[in-house]
Every structure is written in C-alpha cells, then in structure tokens.
Amino acid sequence: MNRFLCLLTVLMTLAACSPRERDAAPAGILPDIWPDYVGVTVPATIAPLDFTLDGADALDVRLTAPDGTSLRSGGKASTRFSGKGWKKLLHASIGDSVTVTVSGLFDGAWRRFEPFSIYVSEDGIDYGLTYRMLEPGYQIYSFMGIYERELGSFRQRALLENTQFAGCVNCHASFRDDPSALTLHIRGAHGATLLQKDGRLAAYDTKTDSTLGTCVYPYWHPSGRYIAYSTNNTHQGFHAQPDKIIEVFDLDSDIQVYDVANNQIITAPQVKRPGIWETFPVFSPDGGTLYFTSAVQVEIPGELSQSRYSLYKVSFDPETGTIGKDVETVLDAADFNGSICFPRPSYDGKYLMFTLCDYGTFSIWHHEADLWLLDLATGETRPISEVNSDDTDSFHNWGTNNRWFVFSSRRDDGLFTRLYIAHFDGDGVASKPFMLPQRDPKKYYGDLFLSYNVPDFVTGPVPFDKIHAQKAINSPERIPFGFRWSE
Amino acid sequence: MSRAHRIAAMVMTALMGIAVYLFFAFRYPYHIHFQEQYQLFEFTWKYFAEVTWVPGGLADWIGRFITQFFYYAPTGSVLMAVLVCGVQLLVWAACRRRSLAVFALTFIPAILLTAFFCDENALTGSAVAVALPLACAVLCRKLGAVRTRYIVETVLVPVLYLACGPLCLLFVLVAACHEVAGGEGRTWIFALCMVVLAALCPLAAGRIFPYTTARLVQGIHYYRFPNLLPGMLYGAALACAAVVLVSCLKIRRQLKSVPSLALYAVLVAAGTFLTLRAADPAKEEWMRYDFMVRMQMWNRIMMQADRHNPDNPKTVSCLNLALAMTGRLPDSQFSYFQNGPDGLLPGYVGDFTNPVSTGEIYWHLGMVNTAQRYAFEAQEAIPDFQKSARFYKRLAETNLVNGDTAVALKYLKALQHTIFYRKWAKETADLVADGTLFEKRPELARARDFRLREHDYLFSDTEMDSMLGLLNVEHPDNSMAIDYLMSWCLLRKDLNRFAECLPLVKASPLPQAYQEALLLLWVFTHEDFNGLPPYISPSNVQRLNRFMADANARKSESVMEATYGKTYWFYYIYRYLNRQQ
C-alpha cells in the first residue's frame, strides 16, 4: 500500500511539473497549420478537417460553435476530431463560423495562437468526388485506379484499378445528376471505352474509319443522350530546363459528339478542320451550345511555345444531333497572351471556368497555370485569385448546385497533384479553398506517391460493378461506334 | 534410417546448401543484386498492410524482407541457400516413410527451385509460398486428435491462400496424402473437400480483391511478370507433393544403399545440368556492368572489359561510360568492340531494365531531366508495380539538383524506412536542412553545375549531337559532353559533323581515333596528303596507306582486325554496317 502511495505521489508530482495547455502563453499570431484551413469555407457535411501544427511537439485544438458547442482534439502529430462531434459542431455553425483555437507545445512550453474561423456555408455539397489516382509520370504507367470518395467521411472506394487488366484507365466522366451514367477509357492491350448508361455497361471501340482516333476528353450532354469527345493524337516531349519537365501536346485533334441512343459518332467539318487543333469540348447547361478550345497548328517542337488555344462555341441541336455551321470566338487567346484549357460552364449557365497557361493544351505540367472565370452574361474574365497559387492550379469541375468547385493543384510540393474544394457564392466570388480532408493529412499525403487526377463531383455512390467491368475489359468483344456527318 | 544414414543425409543437405551458395555468390551474384534493386522494402505498417492484403501477400512480404538483404550478394546467396535447403528439409519432414532413397528425392523440388531462381524475374516470396504450406502440413501432422486436425486443416486452407496464394494447394495435397495414408474409413472424402475448398478460394477472392481470376489462380507475386505462369515454380511445388506422396506409398522393396547413392549421383548431375541450363551468363554479364556503373567502379569495368570484350550495346555503353568518367574515351574507345551509337547512348526502350544504366550516363553527363525520366520510367515499368530503392535514390538526387526539394524529401522520407538506404537518406535530408548539401555531395554539385539553365529543348534521340553540344556551350568545363559528342559523330560515321565539332576539342595532342577519323575524311575530300594539318602524326598517314592497301587487297576481316582492329578505320569499314555507307 505504501509503495502504491509513493508511486502515486511521484506520478502526481511529475504531472504537476509537466507543462499544461491551460498555462499556454499567447503567441499573438495565427497558427502555421497544414493543410491551411485558416479562414476556409466548408459545407456542413464535410469530413473532419484534421490538421498538424508545424514544428510543434504536440497540439491541442478547441473548436467552438456560435451556440457554445465545442469539440476538442489534440495529440502529438495531428488532430483527430470525432466524426460525430464534428458533424454536430458544423450543424450548429451553419451560416456562421467555427472558432478554432490552437495551442502548440514548442520546446517544452505551450503557446496559444490567435483563434481563426472556419466558415460553414449554408450551401450543400454533392455526395462525393470521383478521381483517378496515379503517379505523376511520363509515358509508362504503373498502378492506377479510379476512385470514389465520400465527402462526409474519409471513405474511398476503388471503382476500377489496373490490377484487373493490363493497361491504363483514364478520362472518366459521370453524368451530372446520375452517377450511374459514366464513360471511361481503357488504353493498352485491352483498349476500349466503357460506357454505362441505364444500368447497362459495355465496351466500345470508338475509332471509326472517318475519325482521327479513339475518343478522349468526354463531357455529357445535359439530356444524357450525347457525349462530346475530342479525339487527339497526343505526344509528349521532355524539357532540359530544371523548372520544366514534361510537355504534352497534340499533333492533331478534332471534336466529335457521340449519340448514345443511336451508337453514332457525329462530327462536322467546322470542328474537324485541317490545320486546326480542336479539343476539350463541353456542352452548355441548356445543351444548345458546344464550347471547345482550338488553336492553329504549329510546327512541333520548334513553335510549341507559340501554340495558343482560344475558346470557341458552336450551336448544337439535341433534337437532330446537328452541329451548327458557325463557329464563334468566345475568348481569343491573343487577348490573354496565354492558352485556354479545360473550359467548364457552371450548371446554371452564368459562368465558365477555364485554366490559363502560357502555351499549349496541357496545363497540368505548367507551373504558371491558373484558374480563370468568364462571366457568360457580361463577357468579363478574371483570374480567380481567391484560389490560385504560385504553382499549377488546373483541372476543375463544378458541383451540381454551382456553389462549389473542385480543382487540382500542385501548390504543396510542385509535383503531386492534390484536390482543393472552394465555395463559390452567388456574386461570382470564390472563398479560400480547402484541401480534401484526410485523417492525419500530413502522414497521408506525405506517404502518398500518387496524384489526384480529373476530379468531378457525384451526387451519390457510383453504382459500378467492377467485376462486370473487368470481364468486359478483358473480353475481346468491342461494340464498334457508328459514324455520320452532321447535317 | 540408421544414425549413419541420418548423418549422411544431413551432409548431403549441407553440401547442397554450399553448392547453392557458391553458385549464387560466385557465378550469379549480380542476379542477386538485380533482385534487390527492383523493390523498396519499407519498415512501416502501411507497407505491411498494403503488401499483405492480397492473396499470397504474407509470403510476398517475407520474400521482400529477405530480398532487401540481397544488397550484399554474399548475404543474398546465403539466404538463397537457406531457402532452398529449408524447402528440401520441409519436404523431408513432411515425408511419411523415411529412407535414403526418399531423402534423395527431396532434393528434386530444391533443384527445381534453384533453377527457378536463375530467372531474374523469379521473386523470393515464391520460395516462402512453398515453404509455409509445407511447414503447416508438417505441424498439422503432429496434431493427434482427428477432429481437431480436420478443423485446423480446414481453417488453414483459406488462411494459407491469403498468406501464400494458390501454392496453398501444396498444403492441401500434402495434408491429403497424410490423411488418406494414415486414416481409416473415408478420409479421402475429407481430402477431396480440402481440394474443393482450395479451388474455391481464388473464386471467392475474386469478389474481394481487384485481380482477374487467372491471376488469383496462378499467383500474384510469384513472378515479376504477372501474366506469365512460372512453370518451374509450379514444377517444384508439384514435386514437393509428389515426393510426399511417394513417401506415403507402401512400397515393399526398398532401395539399398548403393542404388540410393546412385540416385544421389543422378540428382547431383541433373541438378547441375538444370541449374547451368537455366542460368543466363549474358544477362549476368550485363547485370555485372550495370552494378559496377551503379557503384561507380570505373576501373573494375575496364578491367572486366580487358578480360572479356563486351559486345552488346548495354554492356558497351557501360564500358564507354567508364572510359569517359576516367577521361579515356577519346583515346581508348576503339580499343574495345564498338558497333554503333547505341553502344554509347542506347536508344530509349520503355521497360524496367534498359533505361537503368542509360539513365546513369545521362546523369553523369549533366542531363538531369533525362536521368530523372529514365529512372522514373524504369520504375513505372516494373511489371509487378513495385517501387525501387535504387530509383527512389536517383529521383531524390535529380529533384534535389533541380531544386524540387519538397519532392526530393518525399523520396528521402520513404528511403529512411529501409535498412540499407536509411543512413544515406537521413544524412542527405540533414544536409538539405542545414544547407550544405552541395558542399558535402560533390556529385550533386557537379550535376547541378552541368545541367542546362539558359537553353531548353525537347529531348530527341536524333538530335543527340545538338544536345551534347549545348551542354558544352553552357559549361565549357563539361569535357565529358564533348567526348560523348565526338564519339557520337564517330560511331555514326558522320565525319563532316565530327570535323565541325572538332574545334570544341581542347586535347593536345589530338587523340588517336580523332586523327584517324580526320585522315579518313581527308582521303574522302582530297587527292593527296599535301596540306595535312600539323596535328596529324605522319606515322598515322603511313598506317592509313597500309590499311588502304590491305583493304584493297581484299584481305579477310579477321586479318584486318588482327592488324587494325583498334583503329577507327577498321570500325568505319567493318562495323555498324546497317547504316548506308
């Protein structure tokens, strides 16, 4: 008994001597946390935004909702907010903000940083994201897959991985309101385009005698009946300069529209012009316009840095599947002294977001690439400086309620692309973006040698039978695409 | 077996172990190194979970754990011998009736396994996947209670499938042999049930794991190429089961000592024959050169070339790199076999072996981005999707040189989870932190100094001369780039380009091969030797006259090679003939 009392006394003495968070000295500055969630706007259903405090031996974090609800987490490496408590806290803060007070243990002493806010938007966000994950590489690919991530939790589900077949999987696209409708491409020995619509999944051979090659960048028509594709003869070049690594460019490219109902590729001379490269087709939300980027062919590699893509549009009649005759310039690359990539109209038809880089068609390898916004009503453009960084900010997609967008960014280390989500208000102003949350994000992203690629929102879990898909891919059977010229 | 027989048996096992060790340590050591460089074994839970969460994953993880020690070939050879002998002893332990003849038969799987490991794509985990089911079968045999044994064996079938992959069938077959041989009544029904259960495992796994049924049936990590069936491995596994089956048969006539010894002799001969037949000396030679390039053993490369002139582009390119790194390329290149520019800078091949040593050449030349690309591509091309410690190291270096420190630190962090690269990675990360990296690592400083800053281009195999020239334009002290440029022109027989680039050469006197090339160009463009530049030795003129006279006299190639084999003229006339003259 005496021994026990002695031990208890020693432990209590030690505990009394160790530094306590409540004795923390005010630091007078905002905390240097990673990911940087200071002042971000989040949806109420987002998974807990765990973070680490740079340089701290331990951290202690208190979150407080406007009604006084609080949540505390701490530890040596990272916060680990309870899912239930986090959800309760965010719901108590909708339309307002959560106050975050961070204390850190530095050299044996606690410091308490200035509190900051995480704004909780009233705008809901879609169920989740789909994206591809692969190593940011050159021509050869190793392991990769297409995944679905539920935004309300940390759950990630593999839809298709290339352990199931020999080849590469890319350019997936889900239909806006119906995650069960999707298209994706398989490259390699088992090359095909998988198309799932109305519960039926089949593998197609998308190359026809009348088209340049297989289908590449997809975008669904709002009716779900058509998919706009580009077809590209894509190559890579490799720079000698240390600040440039890879250049991806097309030696030829055209636009075509696939009629799902009639299994026909439709194209027209005005989007298949000799000496002109057309790519990245997208439909307007009303389905009556087809936007795409286009550039005059240049000599590769000598004139590659003069290759600038402008934004064009052409009318599209969904009743007859007819591509209009007149191609109009929407944005002239010369006005920006840059090149336009990945146009994406908001689903309410008010804005069009695009990536602007110095030249070429593949902004992902351009450190200068930034997101820009076109107001379709006024024709005004501006860089979305609220979200842009010093490094590559590129491929993006809108949430179905137009209040959120996701984009890929290399701001963290210059190579491995990570996903950021930003709020977009009714006045066309974006908020500070937040990184896709993970449990112990520093460890997760630090150990992750895969990049996120082609992110898109989905309104619900993607009903995708990967075993059926595997069988379809590994089977030699391919349904050929038909072809017709637009009238 | 008598005590003498048991001792003799142990001696035989030991002798086989020694033979396997000697084979891998002295005849095949570079295959051991080759295995090590195509994996990155990390001591982390995440890595353990990732590797083991596939059928056969535990065996694969243990195999990778062992393979990391192949960093040192002698250690790797010992481990290989232990694995092979372990399998042989486990088969013996699983045998029901024991005799000298049965003991001899237990060497058959071991021999087949040794032959299998002569293939550089055989993965170490496959031997573990043979050993574990055998060990389980041996342990199960010790369970006395029939019901308990049945339950344990039934549970072990799916467990072993998860741990070892389809080679769990070996457990099923061995356990079935024992049950049928030792049991009474309808034990064969239980045996049949186990076989059916084993057959169902891949089908059930297909619902859980993202692999095709074919891969789940043939094994995911037994062989580096996932779509190829490793026949020799399955032969070894079936031989294990067959030997156990033989040991269970009630054979009335047992072999006497002399025939048993004859059986040993036959197996020794067969084993030696099979192993030597499975071995590929040409690959071993290339792996030797690649290893020496990796370790920067330039003098050893030249000594090896003096012993045996390399004759394929990959080995010749390693030799040429060694010559260049020691400043001997201009003078000595044509003293060795050359057959075109592929022996200087091999063309890009998108697999996991070819870009490895070629990437080393670009690294030493100062073409950092190309070295990075080659390392990355080689790693991505590893067919079973593993990562490579060697390539991670190179990628850390290229990113450090390019100023992409955050990316480099990511690679260094992963390397710090390994045994043999941890020290280097930690030291490098510390040097980055205290800002003295380029002071303490002269190789990195050299690469940083030699890389291009002002000029840019898109890499092109066909414009190698321009790219090499630019390296020298920006960094006149990069003499290796000039050596490669001149050699590139000579090997392509592009004498006009060679003459254009000659002013960049600062060496005096002019290297012998350069003089020979200039003389040849002179002959092509002049009537006589009047006005010949003073830096061309008159003795070379006389030798060229003799060479031309002999060539015109249609002397055989072998006679010409004996006399002029080390001249550029001989190369020009008799080598690299696929190019139109």
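How many Å separate the centres of domain 1 of chain B and domain 2 of chain B, taken over C-alpha atoms? The gap is 36 Å, as the view of the two domains below spells out.

A quick note before the views: this is a predicted model, where local features need pLDDT of at least 70, side-chain atom pairs count only at pLDDT 80 or more, and totals for chains, interfaces and linings use all residues. Residues are numbered from 1 along each chain as its sequence is written, while chains are lettered from A and ligands numbered from 1 in the order in which they are written.

**View 1. The two domains of chain B.** Chain B splits into domain 1 (3-279) and domain 2 (283-450), with bounds that come from an automatic or database domain assignment. Their centres, over C-alpha atoms, are 36 Å apart. Where they meet, 20 residues of domain 1 of chain B are in contact with 20 residues of domain 2 of chain B (in contact: C-beta atoms, placed from the backbone, within 7 Å). On the domain 1 side of that meeting, ten residues are nonpolar, seven polar and three charged (nonpolar is Ala, Val, Leu, Ile, Met, Phe, Trp, Tyr, Cys and Pro; charged is Asp, Glu, Lys and Arg; polar is the others, Gly among them). As for confidence, chain B has a mean pLDDT of 94, with 98% of its residues at 70 or more (pLDDT is the predictor's per-residue confidence, from 0 to 100).

**View 2. Chain B against chain A.** Here 32 residues of chain B are in contact with 32 residues of chain A. Helix H20 (368-380) and helix H22 (405-415) of chain B each put at least two residues into the side that touches chain A (helices are DSSP runs of H or I, at least four residues; strands are runs of E, at least two; both are numbered from the N terminus). H20(B) gives the most, with seven residues. Sorted by class, that side of chain B has 14 nonpolar, nine polar and nine charged residues. The model scores ipTM 0.93 and pTM 0.94.

**View 3. Around B:Met292.** This residue sits in helix H15 (residues 281-294) of chain B. B:Met292 counts as buried because 23 other C-beta atoms lie within 10 Å (buried needs 20 or more such atoms within 10 Å, exposed means 12 or fewer, partly exposed is in between, and C-beta atoms are placed from the backbone). Leaving out residues up to four places away in sequence, B:Met292 touches B:Met297, B:Arg300 and B:Ile301.

**View 4. Strand E22 of chain A and its two partners.** Strand E22 (residues 289-296) of chain A is mostly covered, with six of its eight residues buried. Strand E21 (residues 276-283) of chain A pairs with E22(A) in the antiparallel sense over six bridges (strands pair if DSSP finds at least two bridges between them). In E23(A), A:Tyr312 is the bridge partner of A:Phe292.

Methods. Contact = placed C-beta atoms within 7 Å.
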